Amino acid sequence: MILVNIPRNDCFFLTFPKYLLNMRIGPFIISTVITIGLVYGLNKKWGAIPPIGKFLSPQFGVWQNAEPADNDFGSQLKLAGLKGKAEIYFDNRLVPHVFTDNDEDAYFVQGYLHAKFRLWQMEFQAKAAAGRLSEILGAGKDTAILNFDRNMRRLGMVYAAKRSVEETEKNPESKSACDAYTAGVNAYIENLKESELPLEYKLLDYKPEKWDNLKIALFLKYMSLDLAGPENDMEYSNAKTVFDAKDFDKLYPITQDSLDPIVPKGTVFPEPSVKVVAPANADSIFSSWKNSTAINEFKPDKDNGSNNWAVAGTKTQSGAPILCNDPHLALNMPSLWYEMQLHTPNFNSYGASFPGAPSIIIGFNDSCAWGFTNAMRDVRDYYEIKFKDDSKQEYWFNNEWKRAELQIDTFKIAGQKDFYDTVAYTIFGPVMYDKSYSGKRATNDKYYAVRWKAHDPSNEMMIFYKLNRAKNLDDYKAALPYLSCPGQNCLFADKRGDIAIWQQAVFPAKWKRQGDFVMPGTDSSYMWQGYIPMEENPHVVNPERGFVSSANQLPADTTYPYYIGGHHDLYRGYLINRYLRNMNGITPADMQKLQTENYNVLAEFALPILLKNTDESKLSAEEKKFFDIVRSWNKRNDPAEKGVAIFSNWLDSVEVEIYFDELSKVTAPFDWPERYTMVEALLRDSAYSFIDNINTPNQETTADVVLAGFKKAVPVLSKAESDGKLEWSKYKDAGVRHLLRLPALSRFHLFVGGGQNVINATKDFHGPSWRMIVQLTDKIEAYGVYPGGQSGNPGSKYYDSFVDQWAAGKYYSIWFMHAGDKLDKKAKWKMTLDKL
């Protein structure tokens with residue numbers, strides 16, 4: 001308002017009555033203050049609540065993540081970094097079929113598409129692996145998230161990833177693939193508008209970082225942790241304080257009576273080329289452990305495993321091999337997997353890829369197919385370190401003080417000051433547990449360094465790079481040496497008719513029980529003494545029986561010359577082999593049925609013991625009702641069956657009756673014996689020593705513990721029945737959870753069967769994460785499904801579009817596209833990318 005040179009009586013503002021002026025200014029001031037407060041408040045994050053103004057903005061907020069049902073995924077773009085032209089054909093499931101003129105552009109486009117559809121997931125997983133979740137989630141309740149981050153860094157995840165990048169970039173092929181992939185991810189990020197940010201970025205109020213090859217390595221190391229992280233050193237050491245060697249071996253045996261190993265029994269193994277010598281005092285050291293350590297660290301699900309098998313053409317209806325694989329991992333939204341095809345003049349591969357890494361991981365090409373299951377071997381050991389003082393600068397090793405390398409880690413924490421952590425690195429590896437980081441131990445006056453095979457320089461990318469291009473058995477064998485960690489059972493089949501399985505990793509050669517307990521770190525005598533050559537790893541090529549298979553069981557019987565160790569399943573492999581032996585004229589439909597098989601072979605072994613040892617006259621009417629249900633149960637874990645919940649609770653309750661009196665003497669965390677250990681012990685010996693309760697004057701029998709276990713299980717079962725949740729699908733209550741555990745972005749209460757010890761190994765939020773079947777006829781016939789969807793956007797109909805098909809045990813027929821199919825009606829959308 002201009003007031004200069006305006007006569008006083010003509011100036012409206014100056015002649016305005018004072019009381020009216022006050023009436024106007026007061027509300028104006030109030031409204032201004034409220035407006036400023038709203039602007040500030042709506043653009044500030046309040047705890048877990050995102051900035052409401054930004055989050056609900058019509059132009060940039062959550063509304064922009066709502067994808068039209070008829071969204072057109074076709075487009076034409078020019079991007080810096082491409083060498084030529086790329087064509088991407090999306091089918092009706094939003095699976096991209098990528099065609100490029102060179103390999104580098106294929107990986108560039110793969111990175112671009114991964115970012116377009118899964119960017120938040122990729123970065124979140126990389127941050128988790130790097131111990132950086134506190135940056136976006138805060139320290140968490142009772143600093144749980146900060147402790148997770150410290151755990152990851154103290155384990156040496158970043159250290160391992162950096163060494164992997166160095167090794168990967170020494171190889172021109174893997175460096176080129178990773179560089180191109182990273183460039184593709186960054187091309188998407190650089191062109192990403194604020195309105196296009198994935199929903200989770202808006203919820204957590206942060207933006208994506210630039211991608212790099214370290215993030216690729218971090219993701220792969222995270223998979224190494226998931227698949228090669230299981231170990232029981234502390235728990236077994238605690239148990240050894242109570243049990244002598246004889247009882248310890250009864251509780252935690254190194255083999256099983258019913259074992260049907262990957263390499264058939266009767267196979268003659270050559271003499272070991274690596275001779276391992278145990279220290280003279282090994283047994284006395286292990287038996288004298290007195291420091292009961294209570295560590296409640298982050299540990300992978302011990303059931304992270306898989307099924308895979310291949311049948312030769314002699315057993316199939318078509319005369320061509322069939323390869324099947326279903327990795328059992330956490331069921332998350334967005335899914336761990338992204339389905340796609342890569343086609344260049346040098347290779348044409350299709351299958352499941354990892355958002356965050358180049359190549360097809362589990363899949364097939366024009367000539368062959370491949371898959372993996374977890375080897376379950378222990379390649380992570382702990383050593384007690386003796387420091388000179390609490391500064392951790394020097395530690396005692398081989399009769400001298402050796403200098404430790406101290407590394408200071410900085411943790412950025414959302415809404416809080418930075419946190420600093422000092423980690424000492426020794427000849428074994430990082431000191432994971434010390435006086436500043438207890439890992440929730442009851443006492444933290446000791447120092448433990450971790451020796452993990454994943455720390456060593458390696459280039460795992462190359463096994464996938466090579467398999468994508470493999471044409472025959474020799475190419476498969478040439479790819480295997482690149483797999484250093486995690487140990488996997490690498491399955492193969494080709495159009496020539498070859499089938500093979502090879503347990504591959506760089507496994508340390510160990511003496512019996514080495515690494516099962518915490519070991520002394522004061523000299524080199526307890527260190528790994530060598531590595532098992534690839535040719536001496538368990539493997540089977542073109543067996544007479546016409547099939548190869550694995551389901552996380554022990555790879556060989558006790559005639560194998562090296563100590564295997566680790567944690568292994570028993571019953572899935574046993575049942576798969578039984579089915580495959582008896583099957584002929586096999587079709588892909590037969591394999592679909594086998595992958596989704598719900599028969600419970602554990603019940604075949606255990607239920608007769610339970611029924612035989614139950615005196616029905618001692619049961620109440622309520623107890624008799626449940627007994628009759630389980631007695632008439634068909635031993636199938638189908639979704640509507642009620643006998644499964646009864647059997648499972650009964651068996652668990654009997655296990656407590658048998659073991660808890662002895663195990664309760666262990667004053668620190670311990671591992672319960674495996675179910676199969678108890679069942680096989682009862683089948684072998686009705687007077688199994690652990691049956692008797694050491695806290696009572698009576699001599700308990702099998703009948704006593706079976707009846708007591710059943711009676712204690714019934715109240716749980718009665719509650720489940722009254723809640724309408726006795727049917728297996730409702731009792732188990734399986735689902736697929738969002739990575740942030742947000743119910744609105746998850747799929748709960750799925751009508752599915754399966755379970756632990758069952759071929760269809762679906763638990764609550766864990767199970768078959770990608771089912772694939774490939775028949776290697778001239779024209780490949782393939783089927784696949786995973787519990788998720790191609791898009792990571794919850795506002796897209798492609799976010800969870802596969803879940804119902806997966807839950808029903810059904811498959812999609814895979815379209816393996818070729819250059820001549822570009823006009824096929826299956827190509828619903830076309831995206832064209834060209835160099836800028």
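Student: Which ring does the charged end of Arg469 sit over?
Tutor: Keep in mind that this is a predicted model. A charge counts as over a ring if CZ of Arg is within 6 Å of the centre and within 35 degrees of the ring normal. Arg469 has its charged end 3.6 Å from the ring centre, and the ring is that of Tyr465.

Student: And what is the distance of Lys453 from the ring centre of Tyr531?
Tutor: For Lys, the atom to look at is NZ, with the cut-off at 6 Å. Lys453 lies over the face of Tyr531, and the distance is 5.3 Å.

Student: How many aromatic pairs does the structure hold?
Tutor: Ring centres have to lie within 6.5 Å to pair. Going by that, the count is 54.

Student: What kind of pair do Phe73 and Trp829 form?
Tutor: Their centres are 5.0 Å apart, and the planes are at 70°. Phe73 sits in the loop between helix 3 and strand 1, while Trp829 is in strand 29, 756 residues away. An angle over 60 degrees sets the class, so this pair is edge-to-face.

Student: Is Phe73 buried or exposed?
Tutor: The cut-off for buried is under 20% relative accessible area. Phe73 has 7%, so Phe73 is buried.

Student: How far apart in sequence are the parts that Tyr236 and Phe517 tie together?
Tutor: These two form a tilted pair, 6.4 Å centre to centre with 50° between the planes. Tyr236 belongs to helix 11, and Phe517 to the loop between strand 19 and strand 20, so the separation is 281 residues.

How values were computed: Residues numbered from 1 in each chain as written. Predicted model: local features only at pLDDT ≥ 70, side-chain atom pairs only at ≥ 80, totals over all residues. Heavy atoms only, no water. Phe/Tyr/Trp six-rings, centres within 6.5 Å; stacked < 30°, edge-to-face > 60°. Helix = DSSP H or I, 4+ residues; strand = E, 2+ residues; numbered from the N terminus. Buried < 20%, exposed > 50% of the residue type's maximum accessible area, 1.4 Å probe, protein only.
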